[in-house]
Amino acid sequence: MGRRSTGGNGTSPGDNQNRIRPHLPVLEWSALLSYNGKLSLLKETAILDSKKLKESALAAVESLRADLHALSLKIHGSPELGFQETGAAGWLSGFLENQGFSVSRGICDMPTAFRASYGQGSPAIAVLAEYDALPKLGHACGHNLICTGSAGAAVASRGTVDECGGSIKVIGTPAEELYGGKIFLVERGAFADVDVAMMVHPGVIDAAATRFLACQTLDVEFFGKAAHAAAKPEEGVNALEAMLLSYAGINALRQHIRQSARIHGIITDGGEAPNIVPAHSAGSFIVRAEDDPYLIELEDRVMECFRGAAAATGARLEYRWGEGRYAPMRNNLALAKLFQNNMQSLGRNIYLHDPSRSYGSSDMGNVSQVVPAIHPSVAIAPRKVQLHSPEFAEAAASGAGQRGMEDAARAMAMTIVDLLSGPAGIEKVKAEFYRWKGEGQS
Ligand SMILES: [Zn+2]
Ligand SMILES: [Zn+2]
């Protein structure tokens with residue numbers, strides 16, 4: 001696709017003079033489209049206009065490339081854990097402010113969350129920015145590319161907003177990895193005035209619709225009684241045995257649950273010394289399922305494993321389920337198809353549905369329950385490379401990583417053109433969402 005050289009926001013005075021400018025807010029477009037006499041003329045105008053807007057958006061991404069690369073590498077070089085991302089959140093909001101966005105920092109009582117807005121009112125399209133890293137591995141999930149890709153898409157969409165109305169918001173969403181920051185953003189109303197949300201995650205496959213399981217975390221402790229392990233073992237209550245029995249119970253349970261469900265965990269405390277009966281043990285577990293009802297059923301069955309072990313050993317059980325439950329991802333397929341078409345126009349052979357049997361979870365699932373949303377994957381490494389590995393952390397700073405981030409920005413900016421330049425795209429996306437909501441699925 002041809003790319004014109006334009007200013008940083010993808011427009012220049014010359015462009016504006018030549019552009020076909022219907023200058024109609026989306027609501028007026030809807031009214032006019034229902035008026036038969038205007039229908040074919042307006043359809044043609046919309047197609048022409050969106051093609052030009054996409055060319056401008058692509059040119060804008062081109063002009064932002066060096067800044068986006070530098071920003072993504074800076075964040076990669078200073079990895080910060082969830083809710084501690086002061087550097088990344090500050091650099092991103094500063095970058096967006098310099099590009100004409102109005103920024104609110106520390107939204108929803110989270111110091112490292114932010115919202116950067118350009119334009120006014122509806123339709124409001126949110127591109128989400130994750131920027132947390134992993135303990136010890138740094139940016140082994142490539143979130144440095146997610147946030148810069150979203151920032152690039154938003155800045156490249158200023159021309160679209162100027163022409164078509166509506167608004168673009170970059171929502172800085174902290175702590176995806178460990179705490180599910182978006183769960184709290186959803187609960188605290190960050191998406192109340194958003195019509196559509198999207199973000200692109202780096203991965204090893206190009207796919208517009210990715211699958212995420214509902215997910216709940218569980219911390220467990222057993223309290224027993226210390227004693228000399230050889231001299232007076234009969235006086236002890238072994239908290240480690242309680243944990244090991246629970247682990248064995250979960251292993252037995254795992255054979256008889258749905259294939260897509262997952263239960264996994266680690267033991268974080270198994271005692272102090274081999275000659276002391278362990279008085280305390282602790283573990284962290286995660287339960288995942290394709291839908292909420294099955295997740296709730298599994299939570300009960302997992303708890304029975306712990307309760308049974310407590311009864312068998314006499315150790316006292318304490319447990320805490322995580323504060324927020326990760327919801328399953330509801331992919332908006334109308335939106336995914338727009339994104340897929342735009343990614344294909346960049347020469348990426350992108351699947352609509354991820355064909356791999358990958359069953360992670362993301363707090364984007366919670367966003368997808370309240371607004372139409374997608375969370376596509378863009379390949380930055382060969383399929384044999386695992387996310388959350390040192391190799392993927394390397395890929396997140398590589399040339400392939402930069403190309404993936406740029407294509408994510410381009411495809412999102414073009415999808416935003418599809419959503420704002422005429423009513424057809426966004427109405428289809430919203431209709432699919434409300435149809436699903438009406439059916440009460442989760
Ligand atoms: Zn991750
Ligand atoms: Zn991730």
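Strand β8 (residues 214–223) pairs with strand β10 (residues 280–289) in the antiparallel sense, over ten bridges. Helices (H or I, at least four residues) and strands (E, at least two) are DSSP runs numbered from the N terminus, and two strands pair if DSSP finds at least two bridges between them. Within this pair, Cys215 stands opposite Arg288 in β10. This is a predicted model, in which local features need pLDDT of at least 70, side-chain atom pairs count only at pLDDT 80 or more, and totals for chains, interfaces and linings use all residues. Residues are numbered from 1 along each chain as its sequence is written, while chains are lettered from A and ligands numbered from 1 in the order in which they are written.

β8 and β10 belong to an open antiparallel sheet of four strands, in the order β9-β10-β8-β11. At its edges are β9 (262–269) and β11 (316–321), each with a single partner strand, so one side of each has no neighbour in the sheet. From one strand to the next, the twist averages 20 degrees. Helix α8 (residues 239–254) lies across β8, β9 and β10, at about 15 degrees to β10. Helix α9 (residues 292–313) also packs on the sheet, touching β8, β9, β10 and β11, and its direction makes about 160 degrees with that of β10. Axes here are lines fitted to C-alpha atoms, for helices over the stretch in contact, and angles run from 0 to 180 degrees between N-to-C directions.

A further open sheet has six strands in the order β1-β2-β4-β3-β5-β13, with mixed pairing. Its edge strands are β1 (102–105) and β13 (373–374), each pairing on one side only. Strands β3 (residues 124–129) and β4 (residues 167–172) pair in the parallel sense over six bridges, and Val127 has Val170 in β4 as its bridge partner.

Key: Two residues are in contact if their C-beta atoms, placed from the backbone, lie within 7 Å.
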